[in-house]
Amino acid sequence: MAGNITLTMIKPDAVQKGVIGNILQMITDAGFQIRAMKYYQMTTEQAQQFYAVHKERPFYNDLVSFMTSGPIVAAILEKENAVSDFRKLIGATNPAEAEEGTIRKKFAENIERNAVHGSDSDDNAQIEASFHFSQLERF
Ligand code: CMP
């Protein structure tokens, strides 16, 4: 059965642009409920751990630098089929390929500075939710 939560981060590029509110509006308009939320700047160690699956990729160091360059908004979102519905809402990783009306089409700059993160599987949604939030921080 498809899971009901996904983990998002509004990334430093979108925070810097002042579009946190616009993005949260799109998320809630699409029927997602916010179960946890926090605004903070990840340390290098945290970003390295979060993106450990990409450790061997050529963009890994740049990605870690970018993700620690300013604060992010991390949130747990709940909805039926949360992972796949959220990935539809945010659009393709590369904003040049993202469909009209998606968050990345509207706000992302390029494949790295792509405005938002969304979990890519139910298992990763659980892992990523636990990465950012304790049980006491979930509602
Ligand atoms: P995200 O979905 O958060 O997860 C991995 C991130 O790595 C991705 O968003 C992009 O920010 C980044 N990324 C993926 N592919 C590339 C690439 N080819 N070049 C640079 N950054 C990338």
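Guide: Below we go through the sheet, the ligand site and a few single residues.

Visitor: What kind of model is this, and what is counted?

Guide: This is a predicted model, where local features need pLDDT of at least 70, side-chain atom pairs count only at pLDDT 80 or more, and totals for chains, interfaces and linings use all residues. Residues are numbered from 1 along each chain as its sequence is written, and side-chain values use heavy atoms, with hydrogens and water left out.

Visitor: OK. In what order do the strands sit in the sheet?

Guide: The order is S2-S3-S1-S4, an open sheet of four strands with antiparallel pairing. Strands here are DSSP runs of E with at least two residues, helices are runs of H or I with at least four, and both are numbered from the N terminus. Two strands pair if DSSP finds at least two bridges between them.

Visitor: Which strands are at the edges?

Guide: Strand S2 (33–40) and strand S4 (116–118), each of which pairs on one side only. From one strand to the next, the twist averages 15°.

Visitor: How many bridges join S1 to S3?

Guide: Six, between S1 (residues 5–10) and S3 (residues 72–78). Ile-5 is opposite Glu-78 in S3, and Thr-8 has Ala-75 in S3 as its bridge partner.

Visitor: And S2 with S3?

Guide: Seven bridges, again antiparallel. Ile-34 is bridged to Leu-77 in S3.

Visitor: Why is S3 called largely enclosed?

Guide: Because six of its seven residues are buried, S3 is largely enclosed by the rest of the structure. Buried means under 20% relative accessible area, exposed over 50%, and partly exposed in between, with a 1.4 Å probe and protein chains only.

Visitor: Which helix lies across the sheet strands?

Guide: Helix H7 (residues 122–132) lies across S1, S2, S3 and S4, at about 55° to S1. Axes are lines fitted to C-alpha atoms, for helices over the stretch in contact (heavy atoms within 4.5 Å). Angles run from 0 to 180 degrees between N-to-C directions.

Visitor: Switching to the ligand. Which residues are around it?

Guide: Lys-11, Tyr-51, His-54, Phe-59, Leu-63, Arg-104, Ile-111, Glu-112, Asn-114 and His-117. The cut-off is a heavy atom within 4 Å of the molecule.

Visitor: Is His-117 buried or exposed?

Guide: Buried, with a relative accessible area of 11%. His-117 is in strand S4, and its contacts beyond four places in sequence include Leu-7, Phe-50 and Arg-104.

Visitor: One more. Where is Val-64?

Guide: In helix H4 (residues 60–67). Val-64 is buried, at 5% relative accessible area. Beyond four places in sequence, Val-64 is in contact with Thr-44, Ala-47 and Gln-48.
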